[in-house]
Amino acid sequence: MKDFNYYAPTQVVFGAGSEEQTGKLVKQYGGTKVLVHYGGKSAERSGLLDKVCCLLEAEGIGYIKLGGVVPNPRLSLVHQGIELCRREKVDFILAVGGGSVIDSAKAIGYGVPYNGEVWNFFTGAAKPESCLPIGTVLSIPAAGSEMSDSAVITNEDGDIKMGYSNNICRCKFAVMNPERTYTLPAYQTACGVVDIMMHTMERYFSHDDDMTLTDELAEGLLRTVKDSALEVLQAPEDYRHRAQIMWAGSLAHNDLTGCGTTSDFATHQLEHELSAMFDVAHGAGLAALWCSWARYVYKENVSRFVRFAVNVMGVANDFTDPEHTALLGIKRMEDFYRTIGMPVSIKELIGREISEEEIEEMVRKCSHGGSLIIGNFKKLASQDMKNIYHLASK
């Protein structure tokens, strides 16, 4: 196993009615003038936005609002947020929503104290020295951004989607009430489930086979989310299973399920080009790609795919034919995606055949013009990326 340094500083306030503590939490962490950052009309329709603002008022905390965050959050809104925070002398950002809102809040938090272009952090041209403190009231479990060190932003100039990770952006607190997820549409719920599972799977598929406890945690999380997804799609107001999914979203991306292993986020990097080019839901894009990635790389460590097939997907181990067991596990995952309404190919994802020119463009961006190798389970160069996109197109 690898040596590791595990860091998870976010205070989690979990349970029914937990949003009632929001104002006190903001005050606890020093907020006196808050940017309340959110997405679309759902935060308003649900009453959550008004609730949060009333709680801030009750604590005597001033605030301004900035909505408009969309899936694959945009750099242009980040720029607006930075300007607004500077003008209004904001000292705390409160994200009300899901991963896109939190990621946008993190980017704004980086940008306010920085004199240059915030996109420099995402391209690697600069490194932030500080970030405004951030808290979140989570309403969409998926990205795990509420407990991660990561943010992903899309630059509309060139449709470039890039992520950046730094511990200074980690949320001070995360308020999580599973009841606030009852009204999520089935498709959005399923997309979230895929993203949650993928955050663990891309840590799990490793050549580090001697971290037994981490593997057991990962497998337990994956089984639980898979089972709970089937339950909530039938009964959207099932608190128990909504709670499992919400908590799993945080644990899947706060590095707990990757302690002592070498992560492989190649599928995420390949998908970023899909969602940047076609503006599709991130979870759906992951589902459209993962099985093709898996079939392309599984021979690098067949035993790891066998373990996944048996311990997560419930496949009977055929000890005489490990490859058959491994491939059956991938097929079971593909069937699960179909069961929850997710696409399993790029054609299903975008509703048409993808062109060769579009594949070439995604490969160019993903490989930074052929200069970047991605992945760890199997190192993927430009031709490998192209091969996987082609497999996923069938």
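Pro141, Thr181, Leu184, Gln188, Thr189, Gly192, Val193, Arg242, Ile245 and Met246 line the largest cavity in this predicted model. There's about 60 Å³ of space inside that cavity, and the structure holds 1 cavity of 30 Å³ or more.

**The cavity**
- Two helices, H7 (186-204) and H9 (239-253), each put at least two residues into the lining of the largest cavity.
- H7 gives the largest share of that lining, with 4 residues.
- By type, the lining of the largest cavity splits into 5 nonpolar, 4 polar and 1 charged.

**The second largest pocket**
- You get about 210 Å³ of space in the second largest pocket.
- It has 17 lining residues, and Phe4, Asn5, Asp255, Gly258 and Cys259 are the closest to its centre.
- The lining of this second largest pocket comes out as 5 nonpolar, 6 polar and 6 charged residues.

**Aromatic pairs**
- There are 23 aromatic pairs in the structure.
- Take Tyr114 and Phe121: this pair is tilted, at 4.5 Å centre to centre with 45° between the planes.
- Tyr114 counts as partly exposed because its relative accessibility is 22%, while Phe121, at 1%, counts as buried.
- Trp293 and Phe305 make a tilted pair too, since their ring centres are 6.2 Å apart and their planes sit at 40°.
- Trp293 belongs to helix H11 (residues 282-297) and Phe305 to helix H12 (residues 302-311), so this pair ties together parts that are 12 residues apart in sequence.
- Both Trp293 and Phe305 are buried.

**Helix H5**
- H5 (residues 99-111) runs for 13 residues and reaches 18 Å from its first C-alpha to its last, close to the 18 Å expected at 1.5 Å a residue.
- Most of H5 is covered, with 12 of its 13 residues buried.
- Among the buried residues of H5 are two charged-type names to look for, Asp103 and Lys106, along with Gly99, Val101, Ile102, Ser104, Ala105, Ala107, Ile108, Gly109, Tyr110 and Gly111.

Terms used
Residues are numbered from 1 along each chain as its sequence is written. This is a predicted model: local features need pLDDT of at least 70, side-chain atom pairs count only at pLDDT 80 or more; totals for chains, interfaces and linings use all residues. Side-chain values use heavy atoms; hydrogens and water are left out. Rings of Phe, Tyr and Trp (its six-membered ring) pair if their centres lie within 6.5 Å; planes under 30 degrees apart count as stacked, over 60 as edge-to-face and the rest as tilted. Buried means under 20% relative accessible area, exposed over 50%, partly exposed in between (1.4 Å probe, protein chains only). On a 1 Å grid over the protein atoms alone, a cavity is a set of points where a 1.4 Å probe fits but cannot get out, and a pocket is an open set with protein on both sides within 12 Å along at least five of seven lines; lining residues have an atom within 4 Å of a point. Grid points are joined across faces, edges and corners, and a volume is the space filled by probe spheres set on the points. The expected span of a helix is 1.5 Å times one less than its number of residues.
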